[in-house]
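Here are my notes on the structure you asked me to look through. Keep the 3D view open and follow along point by point.

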Amino acid sequence: MSIDNNDIKIKEASKSKMRFDNENSKLAKFFGFKKFNTTLKKEIIGGISTLLAMIYILSVEPEILKYAPSVDGGAKLDGKGVFLATAIIAFAATFVMGMVSNIPVALAPSMGVNAMFTYSVAMKGIGYQGALFATMISGVLFCIISISNVRKMLIKALPKSLHIAIGLGIGFFIAYVGVANIGWVKIGDENTEISGLPVATLNNFKVFYPAIIIGTLVLLGAVVLHFKKFVAPIAVMMLAGFIIAVILANVLPNNDVIKNSFGTAKFNSNWEYKSMFNGFVNNIKSTFNNAGNLAIWKSPTMYISIFVFTILTFFDATGTLTSVMVESNKNSPYEREIPKSAMIIDGGSTIFSSFMAISHNAVYAESCVGISQGARTGFSSIVTSIGLLLSIALSPLFTMLPSCISGAATVFIGIIMISNITEIEWKKPEISLASFFIILFMIITYNIAVGIGLGLITYTIGCLATKKVKEVHPIIWVLDVVFIAYFIAFAFIQ
């Protein structure tokens, strides 16, 4: 009797697949697939989905940091070097988070903080070198807070409804960012600012209509597929939208309409790896060559920045991790709190990012995109991290993703994140007041920590007004003072 070689290969492939999918496999046991009600397939899809939702940072981070001046009047931060550093630190931090904390969370340079780094710190006389040293010191302080019991005390001091409100605020926040990235609105130009706050107005449809159409179709398609219980709806729609964008960008005439909508999707064969590595090395060299520059250490901006960065990153990380863990615990038989290791990794990655000459690292709310696809363990983070590492070699392809596609993903997950809005105790005036301010100010200030700060202050005021002062935890009183000091300090670095 003859044996068909094809049958043998099929059986071997089937056995190999079973080794990974079987709940008794080493991989499944290590990450706890059965415990957290997940599978290898869900983790892979979740990891890829998170990667697609956050990949925009690889182009946005260099675009913002390349304007940061040098304290000694030399060259500004090299954008290509920033790209390489961003990919490396995002890979390393996300990989370690997956292996050590075993949660489906990705990390990369923080949006919002990178803009503060460049425009509110580096441009205030201490250059990007001083901003990096402030980043490094604030990262150390962040780790100290995370190691101690202060972190747990701070989290438990907040009522459950405020934890939910923070998650809702982040959901609305990233949806707001996503709508702008799709092209529906423009945010905060010189004609749309009132008292310095960013105001969104309808965009120029004549110029951005291709991006608006494609981005909106990707979003609506993902919503429909989600309601139909389709596997990986946002990943599927993002891939379809990306293919269409690439075709349009490379076939249609390269006029302003196509350039503004799909400019990044145009093939570019002029990528130079050597200049990228040179820029990376030069950024680091310049930073440490100025370690003894007195212009940095004599400036009040340096010390105010350390304080602001520490407060901002702690509450940003706590708020984002809280919302991510709430999403992760849905449909999971085992409810987890924020691991202490996750906070330490967050702070530690910021220290290492400063060594690589980029701004603060942070947990990404876009991790919820992967969670919405079924990811529940750190294996999805491993998948995401591998994609981030490959982005270095495939940089032309990874940076081709138009913002209208990634914007659709963030709006989609914003929709998912506000599903528990009814769980807030809206009938309690102190809770409804605080929740309102948390959500409102996260959106209009483009800053998660500001929303949390004003939410805590208004919660205290609400308790005073309703004669519930005894319900205010002593730590919240301390935080009120800290945030008032934060707002005063922030005023001096603007």
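1. First, a word on naming: a helix here is a DSSP run of at least four residues, marked H or I, and helices are numbered from the N terminus. With that in hand, you can find Thr94 in helix α5. Also keep in mind that this is a predicted model.

2. Now the overall picture. The chain contains 23 helices and four strands. It has 494 residues, and buried ones make up 54% of them. Take the contacts between residues at least 6 apart in sequence: 79% of these join residues at least 24 apart.

3. Back to Thr94 for a moment. Is Thr94 buried or exposed? Thr94 is buried, because its relative accessible area is 0% and the cut-off for buried is under 20%. Leaving out residues up to four places away in sequence, Thr94 touches Val105, Ala106 and Leu107, and also Ser381, Thr384, Ser385 and Leu388.

4. Next, look at how α5 meets another helix. Helix α5 covers residues 79-101 and helix α13 covers residues 273-289; they pack at an angle of about 85 degrees, and their axes are 7 Å apart. Angles of 65 to 115 degrees count as roughly perpendicular, so that is how α5 sits relative to α13. On the α5 side, the contact is made by Lys80, Gly81, Val82, Phe83, Leu84, Ala85 and Ile88. On the α13 side, the residues are Ser275, Met276, Phe277, Gly279, Phe280 and Asn283. Sorted by class, this contact has eight nonpolar, four polar and one charged residues.

5. Asn102 lies in the loop between α5 and β1 (107-109). What is the phi of Asn102? Its value is about 55 degrees, which is positive although Asn102 is not a glycine. That is worth a second look, because most residues other than glycine have a negative phi. Asn102 counts as buried, at 14% relative accessibility.

6. You will find Lys467 in the loop between α22 (448-465) and α23. Lys467 is exposed, with a relative accessible area of 78%.

7. How many of the nine residues of α6 are buried? Seven of them are, so this helix (residues 113-121) is largely enclosed by the rest of the structure. The buried ones are Val113, Asn114, Met116, Phe117, Thr118, Ser120 and Val121. What do they pack against? Their neighbours are α4 (57-65), α7 (127-147), α15 (300-329) and α23 (474-492).

8. A search of the whole structure finds five cavities of 30 Å³ or more. The largest cavity has a volume of about 90 Å³. It is lined by 12 residues, and the closest to its centre are Leu154, Leu158, Ile166, Phe315 and Thr318. The elements giving two or more residues to this lining are α8 (150-157), α9 (160-182) and α15. Of these, which gives the most? That would be α15, with five residues. By class, the lining of the largest cavity has eight nonpolar, four polar and no charged residues.

9. Staying with α9, check Asn181, which lies in that helix. Asn181 counts as partly exposed, at 26% relative accessibility. Not counting residues up to four places away in sequence, it touches Ser403, Cys404 and Gly407.

10. Tyr209 lies in helix α10 (residues 205-227). Tyr209 is partly exposed, with a relative accessible area of 45%. How far apart are Tyr209 and Val257 in sequence and in space? They are 48 residues apart along the sequence, and 7.9 Å apart from C-alpha to C-alpha.

Definitions and conventions:
Residues are numbered from 1 along each chain as its sequence is written. This is a predicted model: local features need pLDDT of at least 70, side-chain atom pairs count only at pLDDT 80 or more; totals for chains, interfaces and linings use all residues. Side-chain values use heavy atoms; hydrogens and water are left out. Axes are lines fitted to C-alpha atoms, for helices over the stretch in contact, and angles run from 0 to 180 degrees between N-to-C directions. Angles under 35 degrees count as roughly parallel, over 145 as roughly antiparallel, 65 to 115 as roughly perpendicular and the rest as oblique. Contact means heavy atoms within 4.5 Å. Ala, Val, Leu, Ile, Met, Phe, Trp, Tyr, Cys and Pro count as nonpolar, Asp, Glu, Lys and Arg as charged, and the others, Gly among them, as polar. Buried means under 20% relative accessible area, exposed over 50%, partly exposed in between (1.4 Å probe, protein chains only). On a 1 Å grid over the protein atoms alone, a cavity is a set of points where a 1.4 Å probe fits but cannot get out, and a pocket is an open set with protein on both sides within 12 Å along at least five of seven lines; lining residues have an atom within 4 Å of a point. Grid points are joined across faces, edges and corners, and a volume is the space filled by probe spheres set on the points.
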